[in-house]
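Biologist: I have not looked at this one before. Can you take me through it?

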Amino acid sequence: MTEEQRLNEIIERLSGHYDTGRATLDHETPWQLLFSTILSAQCTDARVNIVTKTLYRKYPDVKSFADADLDELMEDVKPCGFYRNKARNLKACAAALLEKYNGEVPSDIDELTKLPGVGRKTANVIRGNIYHIPSIVVDTHVKRISYRLGVTEETDPVKVEFDLMDKLPEEAWIMWNLALIEHGRKICMAKSPDCANCFLNDICPKKEPPKS
């Protein structure tokens, strides 16, 4: 099997195994997905979804976040961790959206990354899931599993992003993001990957040796 054939097989198996039709962060609007992604740093999507279920009722639009009392907002997002910085970023991001974009979330990656609390990872989540612009999102799962699968030897997230963009077909970029996040949660965990039960075991060059 050539490297191209192996990569195509990985893509086919991942896309057939996981439902990658929607981001796992609950949202009804682009700004909700943006804010939820900011909250998800160092926090599980499940916990963010619990918090935002109440949060987006209390603050139903971008202006209400911009006008929010910062100390109160900190308490509201406290369960997501790093709540001081996250609350400040949400409030500042909301103000920037109102001031520069009439409350709308931009699609351009350079414009997105100018927003408070928004890096390339968050920007690409928005581009892929809201605007359906093929984008690579390098979170901890995508970085780890792409390396384990031998698709990249890079470790810096930005270098991983551009390496994957070079190697993966564009139509597989969004699927790759969502499938590897699921794979990292269920099978290819950071400390104890379940290689014995992994459906990529036979074509993964960095699989764990069998336990004696």
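This is a predicted model: local features need pLDDT of at least 70, side-chain atom pairs count only at pLDDT 80 or more; totals for chains, interfaces and linings use all residues.

Biologist: Pockets, then. What volume does the largest pocket have?

Modeller: Its volume is about 520 Å³.

Biologist: How many residues line the largest pocket, and which lie nearest its centre?

Modeller: The lining has 24 residues, and those nearest the centre are Asp 45, Lys 121, Asp 139, Ile 181 and Arg 185. By type, the lining of the largest pocket divides into nine nonpolar, 11 polar and four charged residues.

Biologist: Which helices supply at least two residues each to that lining?

Modeller: Helix H8 (120–129), helix H9 (140–148) and helix H11 (173–186) do.

Biologist: And the second largest pocket, how much space lies in there?

Modeller: About 150 Å³. The residues lining the second largest pocket are Asp 26, His 27, Glu 28, Gln 32, Asn 49, Thr 52, Lys 53, Tyr 56 and Arg 57.

Biologist: Where does the largest share of that lining come from?

Modeller: From helix H3 (residues 45–58), with five residues. The lining of the second largest pocket divides into one nonpolar, four polar and four charged residues.

Biologist: Changing topic. How many aromatic pairs does the structure hold?

Modeller: Seven. One of them is Trp 31 with Phe 35: the ring centres are 5.4 Å apart and the planes are at 65°, so the pair is edge-to-face.

Biologist: Where do Trp 31 and Phe 35 sit in the helix?

Modeller: Trp 31 and Phe 35 are in helix H2 (residues 30–39), and because they are four residues apart, about one helical turn separates them. In an α-helix there are 3.6 residues a turn, so residues three or four places apart point the same way.

Biologist: Is Trp 31 buried or exposed, and what about Phe 35?

Modeller: Trp 31 counts as buried because its relative accessibility is 9%, which falls under the 20% cut-off. Phe 35 is buried too, with a relative accessible area of 0%. Trp 31 also pairs with Phe 65: their ring centres are 5.7 Å apart and the planes are at 65°, so that pair is edge-to-face.

Biologist: Which helices does the pair of Trp 31 and Phe 65 link?

Modeller: Trp 31 is in helix H2 and Phe 65 is in helix H4 (residues 62–66), so the pair links distant parts of the chain, 34 residues apart. Phe 65 counts as buried, at 0% relative accessibility.

Biologist: Which residues form the aromatic cluster?

Modeller: Trp 31, Phe 35, Tyr 56, Tyr 59 and Phe 65 form one cluster. Tyr 56 is also among the residues lining the second largest pocket.

Biologist: What lies over the face of Tyr 147?

Modeller: Lys 206 does, at 4.7 Å from the ring centre.

Biologist: Back to H8. How many of its residues are buried?

Modeller: Seven of the 10, so H8 is mostly covered. The buried residues are Thr 122, Ala 123, Asn 124, Val 125, Ile 126, Arg 127 and Gly 128.

Biologist: What do the buried residues of H8 pack against?

Modeller: They pack against H2, helix H7 (109–112), helix H10 (157–167) and H11.

Biologist: Which residues is Asn 177 in contact with, leaving aside neighbours within four places in sequence?

Modeller: Asn 177 is in contact with Ser 135, Ile 136, Val 137 and Val 142.

Methods: Residues are numbered from 1 along each chain as its sequence is written. Side-chain values use heavy atoms; hydrogens and water are left out. On a 1 Å grid over the protein atoms alone, a cavity is a set of points where a 1.4 Å probe fits but cannot get out, and a pocket is an open set with protein on both sides within 12 Å along at least five of seven lines; lining residues have an atom within 4 Å of a point. Grid points are joined across faces, edges and corners, and a volume is the space filled by probe spheres set on the points. Ala, Val, Leu, Ile, Met, Phe, Trp, Tyr, Cys and Pro count as nonpolar, Asp, Glu, Lys and Arg as charged, and the others, Gly among them, as polar. Contact means heavy atoms within 4.5 Å. Rings of Phe, Tyr and Trp (its six-membered ring) pair if their centres lie within 6.5 Å; planes under 30 degrees apart count as stacked, over 60 as edge-to-face and the rest as tilted. Buried means under 20% relative accessible area, exposed over 50%, partly exposed in between (1.4 Å probe, protein chains only). A charge sits over a ring if NZ of Lys or CZ of Arg is within 6 Å of the ring centre and within 35 degrees of the ring normal.
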